[in-house]
Amino acid sequence: MSTFSPDSEASRRPVVPVDEQGPILEVEDLNVSFYVDGEWFPAAIGVSYHVDAGEVVAIVGESGSGKTQSSMSLLGLLPTNGRATGSARLNGKELVGLTGAAMRKVRGREIAVIFQEPMTALNPVYTIGFQIVETIRSHFDMGPKEARERAIELLKMVEIPEPERRFDAFPHQLSGGQRQRAMIAQALACEPQLLVADEPTTALDVTVQAEILKLMRDLRERVNAGVVLITHDMGVVADMADRILVMQHGRIVESGTADQIFNHAQHPYTRQLLAAVPHFGTVSQEESEVRTARDREAARAETREPIMVAEHLVLEYPKRGNQPLFRAVDDVSLTIGRGEVVGLVGESGSGKTTIGRAALGLLPVADGRLEIAGVSMKGARQKDLRPLRDRVGIVFQDPGSSLNPRLPVGESIGEPLLLHRGLRGKALSTEVESLLDRVHLQRGFRNRYPHELSGGQRQRVGIARALALEPDLLVADEPTSALDVSVQAKVLELFQELQREHGFACLFISHDLGVVEILASRIAVMYRGKIVEIGDRDEIVRNPQHEYTRRLVSAVPVPDPEEQRQRRQARDAIIAETGVS
């Protein structure tokens, strides 16, 4: 991986020993609240902590606990109905109440943010390269040509393929993981003193996630940057954090070193949080064999055609403007039986989501065979696909852009029931409330709009909408990526419960192998548009055959600091030996 070292004040900043420099960030009695319907509602209450130079402080907790809002208040990024009180000092400079030009000098240059949802954080009307160049030139005296070169170097650093071409791409032309990497490149452009990373690896596959975490470690070592890491991924916390703050209902309920929190947690909520974390490789072989045998028995008893059949499938994105034709999926064969859960894993841009889109009829089949519930998707017209609309559901990766911002979430959940089942009035209302109960949301949320919910809450709304029609096939595209671990555990239990009750098949697309290990009976591994390995879950997790699968498995973080340290050292040794990541 290349190293970005701009000839600027950032690179000339002397590295001061931590014990001499003191805290970069000091937060004291920070309170954040929002004015709704004539009343102030607290989001963060009495939050106090500090971040030293070169230190990673992780803030963990469930969706809506105040993690993100307390951190966004440091940069004055609260909504117009929000207010912050208390104190937050960056190298002695008070941030609470700072506005205008003074705050703009701080943003990007002294504090940078990696946001949770790249599709809503990046400007859709400007190219990726333009947005990175704008950040660099806003803070440094640099010409367009030099800024472009450094922007491309940043894109190389975060391992975006074909960085010179992607420089001129718009956000919608990149995969979810590539958008996240572009935003990380933009955040690191000025080598800030403090990096606020809000779910920085949510949309990344584990191999790139490992590289991004290594990149963040390198950043703090080069310029003694402090990092505030907001995440629900306890594997990432175990990999990165020096200290951990646990938040619940807007308050810090426990804090300590990584060893104290993971191995000697005191607060009941902290213990509950850790108990809900999937630990990769710990699903018992006996449980795996029972599930595999059950699925095989169901397949033998099933006399009808499988719900999804792909044979030598080819999917392409057509030529548009100066963008050449791109073959995203090449010669893929995959079968999903009724009632079977198949996990599809691989790096960003490998073609996972493209297969899911084709299964829904959102992308035409270029060559080969694809049948969904007996309907051939090759050359299918809209009237051919209409019978499938209530038999195939999808949970999208990005809940912020997949829900209609003008509709209350209750109407979004009820819309499929209205269109396909003709439910109205009290019957529709009752079913919507039942779906909210299933995904563990309060019934009162039905009257809220998407922007009034946290990222995890929006994702749960998307899951409820997808399950509304009890589909035969559910395409789940990173359905738990935005969920905190406690809710993720409940949603995974819900998936398993509903799948057992209703017997729907599921194509579970994810970069989280810990989640896939829990749900899937078979796992298919994609790499550069092809399936390089497919087999029973236990075979893939414990005895991977393909070189890429072995790298993928070695990159999965686990929620144990000592074990994760050993895994990271082993993976670094593999990279040093093979020269590939």
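Is aspartate 37 buried or exposed, and what is its relative accessible area? Aspartate 37 is exposed, with a relative accessible area of 79%; the views below place this residue and others in the predicted model.

The model is predicted: local features need pLDDT of at least 70, side-chain atom pairs count only at pLDDT 80 or more, and totals for chains, interfaces and linings use all residues. Residues are numbered from 1 along each chain as its sequence is written, and side-chain values use heavy atoms, with hydrogens and water left out.

**Figure 1. Overview of the protein, with 25 helices and 20 strands.** Helices (H or I, at least four residues) and strands (E, at least two) are DSSP runs, numbered from the N terminus. Of the 581 residues, 55% are buried. Buried means under 20% relative accessible area, exposed over 50%, and partly exposed in between (1.4 Å probe, protein chains only). Of the contacts between residues at least 6 apart in sequence, 69% join residues at least 24 apart; contact means heavy atoms within 4.5 Å.

Figure 2. Serine 33 belongs to strand β1 (residues 23–36). Serine 33 has a relative accessible area of 11% and is therefore buried. Apart from neighbours within four places in sequence, the contacts of serine 33 are Trp40, Phe41, Pro42, Ala43, Asn81, Gly82 and Arg83. The phi of aspartate 37 is positive, near 55 degrees, in a residue other than glycine. Most residues other than glycine have a negative phi.

**Figure 3. Glutamate 199 in the loop between β7 (194–198) and α10 (206–223).** Glutamate 199 is not a glycine, yet has a positive phi of about 50 degrees. Its relative accessibility is 7%, so glutamate 199 counts as buried.

**Figure 4. Helix α7 (residues 144–157) against helix α9 (residues 176–188).** Two packed helices are described by the angle between their axes and the distance between the axes. Here the angle is about 125 degrees and the axes are 9 Å apart. Axes are lines fitted to C-alpha atoms, for helices over the stretch in contact, and angles run from 0 to 180 degrees between N-to-C directions. α7 and α9 are therefore oblique to each other; angles under 35 degrees count as roughly parallel, over 145 as roughly antiparallel, 65 to 115 as roughly perpendicular and the rest as oblique. α7 and α9 make a right-handed crossing, a term for the near helix being turned clockwise from the far one by less than a right angle, with left-handed for anticlockwise. Leu154, Leu155 and Met157 of α7 make the contact with Ala182, Ala185 and Leu188 of α9. These residues divide into six nonpolar, no polar and no charged. Ala, Val, Leu, Ile, Met, Phe, Trp, Tyr, Cys and Pro count as nonpolar, Asp, Glu, Lys and Arg as charged, and the others, Gly among them, as polar.

**Figure 5. Helix α18 (residues 409–421) against helix α19 (residues 425–438).** The two helices pack at about 120 degrees, with their axes 9 Å apart, which makes α18 oblique to α19. The crossing of α18 past α19 is right-handed. From α18, Gly410, Ile413, Gly414, Leu417 and Leu418 meet Leu428, Glu431, Val432, Leu435 and Leu436 of α19. In this contact, seven residues are nonpolar, two polar and one charged.
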